[in-house]
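Thanks, everyone. I'll take a few minutes on one structure, starting from a single residue and then moving out to the chain contact. Here it is.

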Number of protein chains: 2
Amino acid sequence: MIDTDIKLIKIKEEILSDNTELGDQIRAQMNSSKTYFINLMASPGAGKTSLLINTIKRLKNEYRIGVIEGDIESMVDSIKIKDEGVTAVQIQTGGACHLDSPMIQQALNTLDTGSFDLLFVENIGNLVCPAEFDIGETKKVMILSIPEGHDKVLKYPLMFSVSDILIVNKIDYLKTSDFDLGFLKETVCKLNPKIKIFETSCKTGKGLDDWCSWLREEIETFKGKVI
Amino acid sequence: MIDTDIKLIKIKEEILSDNTELGDQIRAQMNSSKTYFINLMASPGAGKTSLLINTIKRLKNEYRIGVIEGDIESMVDSIKIKDEGVTAVQIQTGGACHLDSPMIQQALNTLDTGSFDLLFVENIGNLVCPAEFDIGETKKVMILSIPEGHDKVLKYPLMFSVSDILIVNKIDYLKTSDFDLGFLKETVCKLNPKIKIFETSCKTGKGLDDWCSWLREEIETFKGKVI
């Protein structure tokens, strides 16, 4: 991949990340209240809200679910979530392109975490900065949708390397696209061999039961483990 | 849209933007060298590189074209661009989620701008931060692709309000999607009545000639105007 004819400029920039300590405190709080806490990240339009709604529909009769919605502006997503009958807190960042621990702490201050078995954060639509910020989550889940293309691991490696779960969404687009699923899996597994991959379509429902079965098992194991 | 049952937390964050002065200097430099300078912005996977390649194919026999490629990591896009026989400079931001004027100035220092009629910057795949940073461009062009959904104006208003051109790409997905093109146009035109909209598909070629005809006219007018 080295091409000496192309000029290359490397720019180093320090990323502020003093939020790790607060992230650890949040994780301890979630462990104490036995709340399984998911940080859901993806590009704009990859299907974060649709996945949440479909997950809530399948699990809301078994678990007490809450959602912290992160957006630059607007409340459209939290209104959709609330329509499913679960608690939603909206964070408006007013320009910031990711959520960090202090923002999450502010949202948690408005909630009794003990009243949730499962709490989601829908992060800002961005494959870059959200990957840098620990928000005290139990697991980091990312979505890549088929129309985004199979080369994204090479271009946004941090997101793929820090995520515990990759949900390949809009899998129904596979038949009308040149997306190479084998290439995606090969590049992501090389970078992050422990990542678990689900293939879903919120339009056809494909793969959603598998994802929810896995989540159910995770929650039960978590509740059993946490003291 | 106001729902008093949803808790709302507003977070203010100052965005560093001392780069405007340098942006103006870059714009003056481009005017002086008669280089039409486009800042191309979009989410990951919306089709920035594909649009560039298709544009280069159509215009490279008429104009001297260069591309400054911005990426977090990797050189995959600049290699694709170079394969089209035009000059490419790769900026690797090493984590930063947007390009700013000092980065562009570094890239320009490696080029003789007088040897380009048309210079593109392919910004980092991100609908948020690139909108905040003037890089001295002649025009800001954004892409939204059909699979991303028609609600993006509400969620990423700054990008839509600062852009001069909106290219609605992957228009071939329209027939298999519930994307409401009327709603998109209505919301974007309300926010930014001066925005010019093109509908394209880099897969079928639809709309690309229109986009290139417009660009050709722009370049000619620009060259005529600039002293």
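Start with E69(B). Leaving out residues up to four places away in sequence, E69(B) touches L52(B), D77(B), S78(B), I81(B), V89(B), Q90(B), I91(B) and E122(B). Keep in mind that this is a predicted model.

Where does E69(B) sit? E69(B) lies in strand β3 of chain B, which covers residues 65-71. What about its charge? E69(B) is buried and has no salt bridge. The nearest side chain of opposite charge belongs to K155(A), 6.0 Å away; the salt-bridge cut-off is 4 Å.

K155(A) does have a salt bridge, with the side chain of D71(B), at 4.0 Å from N to O. Between chain B and chain A the count is six salt bridges. On the polar side, eight residue pairs are in polar contact across that interface, with both residues at pLDDT 80 or more.

Which elements of chain B give two or more residues to the side that touches chain A? They are β1 (7-10), α3 (76-82), β4 (87-92), α4 (101-108) and α5 (152-155). The largest share, six residues, comes from α3(B). By residue class, that side of chain B divides into 28 nonpolar, 16 polar and 18 charged.

Now the totals. The contact takes 62 residues from chain B and 62 residues from chain A. The two chains bury about 5,300 Å² between them, and 60% of that is on carbon and sulfur atoms.

Terms used
Residues are numbered from 1 along each chain as its sequence is written. Chains are lettered from A and ligands numbered from 1 in the order in which they are written. This is a predicted model: local features need pLDDT of at least 70, side-chain atom pairs count only at pLDDT 80 or more; totals for chains, interfaces and linings use all residues. Side-chain values use heavy atoms; hydrogens and water are left out. Contact means heavy atoms within 4.5 Å. Buried area is the accessible area (1.4 Å probe) that two parts lose on being put together, summed over both. A polar contact is a pair of N or O atoms within 3.5 Å; within protein, one must be able to donate a hydrogen and the other to accept it, and residues adjacent in sequence count only if both atoms are side-chain atoms. Helices (H or I, at least four residues) and strands (E, at least two) are DSSP runs, numbered from the N terminus. Ala, Val, Leu, Ile, Met, Phe, Trp, Tyr, Cys and Pro count as nonpolar, Asp, Glu, Lys and Arg as charged, and the others, Gly among them, as polar. Buried means under 20% relative accessible area, exposed over 50%, partly exposed in between (1.4 Å probe, protein chains only). Lys and Arg count as positive and Asp and Glu as negative; His and the chain ends are not counted.
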